[in-house]
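Hi everyone, thanks for making time for this.

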Amino acid sequence: MQQSHFDVLIVGAGISGVGAAYHLQTHCPEKTYAIIEARQAVGGTWDLFRYPGIRSDSDMYTFGFKFKPWVSPKAISPGADIRHYLNEAATENGIDQHIQFGQKVIAAAWDTETALWTLQLKNLQNGDIHAVTCGFFFSCGGYFNYEQGYSPEFKGRDEFEGQIIHPQHWPEDLDYAGKKVVVIGSGATAVTLVPTLAKTAASVTMLQRSPTYIASRPEQDTLANSFRRYLPTKWAYRLSRWKQILLHLYIYSFCKRHPERAKRLIIKGVKEQLGDDYDVAKHFTPSYNPWDQRICLVPDGDLFAAINSGVADVVTDHIDAFTSSGIRLQSGDELSADIIVTATGLNVEIFSGMELSVDGRVINPAETYCYKGMMLSGLPNLAFSMGYTNASWTLKSDLVAEYVCRLLNHMDAKGESFCTPMVPEEGVEEEPFMDFTSGYVTRALASLPKQGVSKPWKLYQNYIKDRLSLGRGAFEDDCMKFGRVGSAGGEG
């Protein structure tokens, strides 16, 4: 008989969910748990995206788990290697035995009288719906819609006689050898696709409305590989990880404090790759400052090599309309194409689109405030995992998972049944959930929770601050209310 109650339910078997499960069974070994996963495999994003050349856009020493060393010599690693790493982590630790595949959470309802969440799960194979309860609900399903990527309306789209592909739904049998390909976009997906497609395509054009900061870095980290040769694996990994953490913090701080100097250095690097005759000012010089949007990394300058080879090129212009044979630009130029790839981004969707309610009242996450970057005001016994925008996702997801475990143990020790972040009576001075100008963020801001300007309502993009706050900070504060079943007024 299928188990119908767990102490903790985790949604998502991607990098956040696998990490959360590891920390839970390590730090709260008496707790029962399950992972609810809509797909049929471990991996999350890395199982979903299968476009050519997919790879990490940050180093694997910080993107990898704290508890499992990354031992490949490639610091910037292919998607297939990351999928293998995640599956290995799940299998080695018995986490795979706790995953319920092919199940999607469509609603989650909290009941204060019983201090339980009731989740409605839909079996995606037969459509059946059944309920399961838990004491604590941990959402690790990422931040975007897996079913549909963002694709703007292009005039004349139906007239194009070739294939139109979104990278989120890349056909396994797509043959682009000898074809003319236009990739619309200039973010991490586009700069990954272009050099990979250029290996066999007749031509590849990256069509962008405006430039993105792009920096070349070695695919392999020489110092990290040296550590691994001369030190035990765990020590080598720990040193490599901290080297990268401190380096990222320094680079981010430098870019924010000295944006013009940072801009000149990045542009200088592009000029060194492409030469003085290339129009770097037009195609690789953004109008915004570094780290107002994420900087794209290209391993060993592969994008620049593809451009220098003559197979790939960059066009900076606006689309007027699709035509039967390609794309007509507002400048009047036309791009001929057999295949158009719309690398135009994601649709942000937190909590995987499920309906949340508390004691019968439906909760709109956009009307809540984010507490410590991992809980929402007014929602008891609920946490969610969100990574950094300026560093590796896993650095933050590891901290959140460890905090949840500490919180659960704290409640057990105090005899508490639930905890709820509550906005103080005087309110919170608010600001947007993400201080980022990327399109996928600005399109979604109205649907995202709010944050405050100071702790505990401030979402810090700083691993050291979060490590101190989440790793060692006290649970008792004026904004966190604890309660137990049957107590007067609901508070302990």
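Let's start with two helices, H11 and H13, which are roughly parallel to each other, a label given to angles under 35 degrees, while over 145 is roughly antiparallel, 65 to 115 is roughly perpendicular and the rest is oblique. Before I go further, a word on the source: this is a predicted model, where local features need pLDDT of at least 70 and side-chain atom pairs count only at pLDDT 80 or more, while totals for chains, interfaces and linings use all residues. Residues are numbered from 1 along each chain as its sequence is written, and side-chain values use heavy atoms, with hydrogens and water left out.

Back to our helices. H11 covers residues 393–414 and H13 covers residues 463–472, and their axes come within 9 Å and cross at roughly 15 degrees. Helices here are DSSP runs of H or I with at least four residues, strands are runs of E with at least two, and both are numbered from the N terminus. The axes are lines fitted to C-alpha atoms, for helices over the stretch in contact, and the angles run from 0 to 180 degrees between N-to-C directions.

Which hand does the crossing of H11 and H13 have? It is left-handed, meaning that the near helix is turned anticlockwise from the far one by less than a right angle; clockwise would be right-handed. From H11, the contact is made by Leu395, Lys396, Leu399, Val400, Tyr403 and Arg406, and from H13 by Tyr463, Asp466, Arg467, Leu470, Gly471 and Arg472. Contact means heavy atoms within 4.5 Å. Sorted by class, this contact has 6 nonpolar, 1 polar and 5 charged residues. For those classes, Ala, Val, Leu, Ile, Met, Phe, Trp, Tyr, Cys and Pro count as nonpolar, Asp, Glu, Lys and Arg as charged, and the others, Gly among them, as polar.

H11 has another neighbour to show you. The axes of helix H1 (residues 15–27) and H11 come within 9 Å and cross at roughly 35 degrees. Here the crossing is right-handed. On the H1 side, the contact residues include Ile15, Gly19 and Leu24, and on the H11 side they include Trp393, Ala401 and Leu408. By class, the contact of H1 with H11 has 7 nonpolar, 7 polar and 2 charged residues.

Now for the charged pairs. How many salt bridges does the structure hold? There are 15, each one a side-chain nitrogen of Lys or Arg within 4 Å of a carboxyl oxygen of Asp or Glu.

Take Arg50 and Asp47, whose side chains meet in a salt bridge at 2.8 Å, N to O. Arg50 is partly exposed at 42% relative accessibility, whereas Asp47 is buried at 10%. Buried means under 20% relative accessible area, exposed means over 50%, and partly exposed is in between, using a 1.4 Å probe and protein chains only.

Next come Glu88 and Lys68, with a salt bridge of 2.9 Å, N to O. This pair links distant parts of the chain, 20 residues apart: Glu88 sits in helix H4 (residues 79–92), and Lys68 in the loop between helix H3 (60–63) and H4. Is Lys68 buried or exposed? Lys68 is buried, at 9% relative accessible area, and Glu88 is partly exposed at 31%.

A further pair is Asp320 and Arg328, with their closest N and O atoms 2.8 Å apart. Salt bridges that share partners also join Arg39, Asp47 and Arg50 into one network.

Let's finish with the backbone. Most residues other than glycine have a negative phi, and most peptide bonds are trans. Where does this model have a cis peptide bond? One joins Lys455 and Pro456, with omega about 5 degrees, and Pro456 is in the loop between strand E24 (451–452) and H13.

Asp300 is not a glycine, yet its phi is positive, about 55 degrees. Asp300 lies in the loop between strand E11 (296–299) and helix H10 (302–308), and is exposed at 53% relative accessibility. Lys372 also has a positive phi of about 55 degrees without being a glycine. Lys372 is in the loop between strand E19 (370–371) and strand E20 (375–376), and is buried, with a relative accessible area of 13%.
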